[in-house]
Amino acid sequence: MGKTIKLIKNRSDIGAGTRGSDLGIDAIEVAAINKNSDYFNQFEFEDVKTHNESIYDKNRSSSAKRIEHVVEQCTRVCNAVKKSLSGNYFPIVLSGDHSSALGTLSGIKATYPEQNIGVFWIDAHADLHSPYTSPSGNIHGMPLSAALGDDNLGSQNNEVPAETQQHWEDMKNIGHQGPKVLAENLIYFGVRDTEEEEDKQIEKLQIKNYKVDEVRYRGLQKCVAEALSKLAHCEVLYISFDVDSMDCDMISYGTGTPVPKGFDQYEIIAIINQIIQTKKVVCIEFVEVNPLLDTKGNKMAETAFEVLEAITSELLIPPVE
């Protein structure tokens with residue numbers, strides 16, 4: 001790859017509905033220590049400043065909770081990712097809640113403004129809500145709407161105050177004016193827990209979702225190859241891995257919004273590694289490990305670290321001359 005890995009640690013959970021994913025990075029580091037691994041001593045890292053104390057603010061928009069602080073946090077992540085990419089690093093972003101992905105995508109787009117960015121979204125959730133449609137107001141369910149620049153006003157349920165609307169517009173334009181990714185360049189793996197508003201968006205935008213059953217029935221390698229061929233025109237790729245894409249009954253409930261019938265860690269490793277082999281991937285992100293919700297000790301973080309180690313080994317394989 002000709003690039004050095006850099007870890008970007010973003011311990012922010014203000015976009016989630018449940019506290020604790022800000023501790024996910026430390027839980028992954030503990031998993032590494034308990035495995036006698038020196039993984040976290042091998043690479044340069046950057047700690048992104050957080051705004052987690054804002055979780056206690058009383059003034060909040062019910063349609064987009066703490067949005068002004070999430071905009072600030074995503075801007076910080078955007079800047080960290082852009083700085084890493086511009087410095088010829090390969091950033092692996094370790095984040096708390098999934099709202100961070102908007103910052104990461106903004107940083108990639110700011111670095112490659114003329115390129116088509118392909119996005120592999122490995123997640124139980126579509127994250128396609130906006131302040132106009134969200135039933136919870138939690139922004140970790142909105143990063144893709146912001147990245148796509150599509151508010152889904154046809155499914156509007158919420159009256160959004162003018163101040164929140166302005167923050168949302170700011171959020172959509174972090175790092176680069178306008179959309180960061182086109183709908184035809186977005187592919188889901190494992191999405192299985194959606195609301196009606198999101199289902200309408202997936203249908204309208206014709207976003208392909210490789211569900212767990214399809215991947216197992218048709219064959220993982222075949223599905224990933226097909227997905228890669230759909231994005232063959234994209235010059236750069238980004239992989240966003242939410243640990244709730246994995247089966248909570250089989251792995252652990254140590255994530256904010258666990259969903260049964262997901263992938264196991266070996267399937268996740270195989271999916272990500274096959275994408276890495278294209279040599280087009282410029283950034284990978286891990287999100288939503290929440291050790292406070294883990295009923296099996298530190299199982300989710302241990303599994304996330306297993307995936308992290310395996311995909312890093314793939315990244316470090318030198319290209320064939």
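Me: Before we start, what is left out of the side-chain values, and how are residues numbered?
Reply: Residues are numbered from 1 along each chain as its sequence is written, and side-chain values use heavy atoms, with hydrogens and water left out. Since the model is predicted, local features need pLDDT of at least 70 and side-chain atom pairs count only at pLDDT 80 or more, while totals for chains, interfaces and linings use all residues.

Me: OK, the sheet. What order do the strands come in?
Reply: Eight strands make an open sheet in the order E2-E1-E3-E8-E7-E4-E5-E6, and the pairing is parallel. The edge strands are E2 and E6, each of which pairs on one side only, and neighbouring strands are turned by 20° against each other on average, with direction ignored. That angle is taken between axes, which are lines fitted to C-alpha atoms (for helices over the stretch in contact), and angles run from 0 to 180 degrees between N-to-C directions.

Me: And what counts as a strand, or as a pair?
Reply: Strands (E, at least two residues) and helices (H or I, at least four) are DSSP runs numbered from the N terminus, and two strands pair if DSSP finds at least two bridges between them.

Me: What about E1 and E2?
Reply: Four bridges join E1 to E2, again running parallel, and Lys 9 has Asp 47 in E2 as its bridge partner.

Me: Is E3 mostly covered or mostly open?
Reply: E3, residues 89-95, is mostly covered, with seven of its seven residues buried, where buried means under 20% relative accessible area, exposed over 50% and partly exposed in between (1.4 Å probe, protein chains only).

Me: Which residues sit on which side of E3?
Reply: Tyr 89, Pro 91, Val 93 and Ser 95 are on one side and Phe 90, Ile 92 and Leu 94 on the other, all of them buried. In a regular strand the side chains alternate between the two faces of the sheet.

Me: Switching to helices: how does the span of H11 compare with what it should be?
Reply: The 17 residues of H11, 299-315, should span 24 Å at 1.5 Å a residue, and the end C-alpha atoms are 24 Å apart, so the two agree; the expected span is 1.5 Å times one less than the number of residues. Among the buried residues of H11 are Met 300, Phe 305, Leu 308 and Ile 311.

Me: And H3?
Reply: H3 has 20 residues and reaches 28 Å from its first C-alpha to its last, close to the 28 Å expected. Just after H3, Asn 88 takes a positive phi of about 65°.

Me: Which other residues have a positive phi?
Reply: Arg 66, with phi near 60°, and Gln 206, at about 55°, are two non-glycine examples. Most residues other than glycine have a negative phi.

Me: Where are they, and are they buried or exposed?
Reply: Arg 66 is in the loop between E2 and H3, and counts as buried because its relative accessibility is 5%. Gln 206 lies in the loop between H7 and E6, and its relative accessibility of 69% is why it counts as exposed.

Me: Now pockets. What is the volume of the largest one?
Reply: About 320 Å³ of space lies in the largest pocket. A pocket is an open set of points on a 1 Å grid over the protein atoms alone, where a 1.4 Å probe fits, with protein on both sides within 12 Å along at least five of seven lines, and lining residues have an atom within 4 Å of a point. Grid points are joined across faces, edges and corners, and the volume is the space filled by probe spheres set on the points.

Me: What lines it?
Reply: The largest pocket is lined by 23 residues, of which His 125, Ser 136, His 140, Gly 141 and Thr 257 lie nearest its centre. By class, three are nonpolar, 12 polar and eight charged, taking Ala, Val, Leu, Ile, Met, Phe, Trp, Tyr, Cys and Pro as nonpolar, Asp, Glu, Lys and Arg as charged, and the others, Gly among them, as polar.

Me: And the second largest pocket?
Reply: About 200 Å³ of space lies in the second largest pocket, and its lining has three nonpolar, two polar and seven charged residues. The largest share of that lining, three residues, comes from H8.
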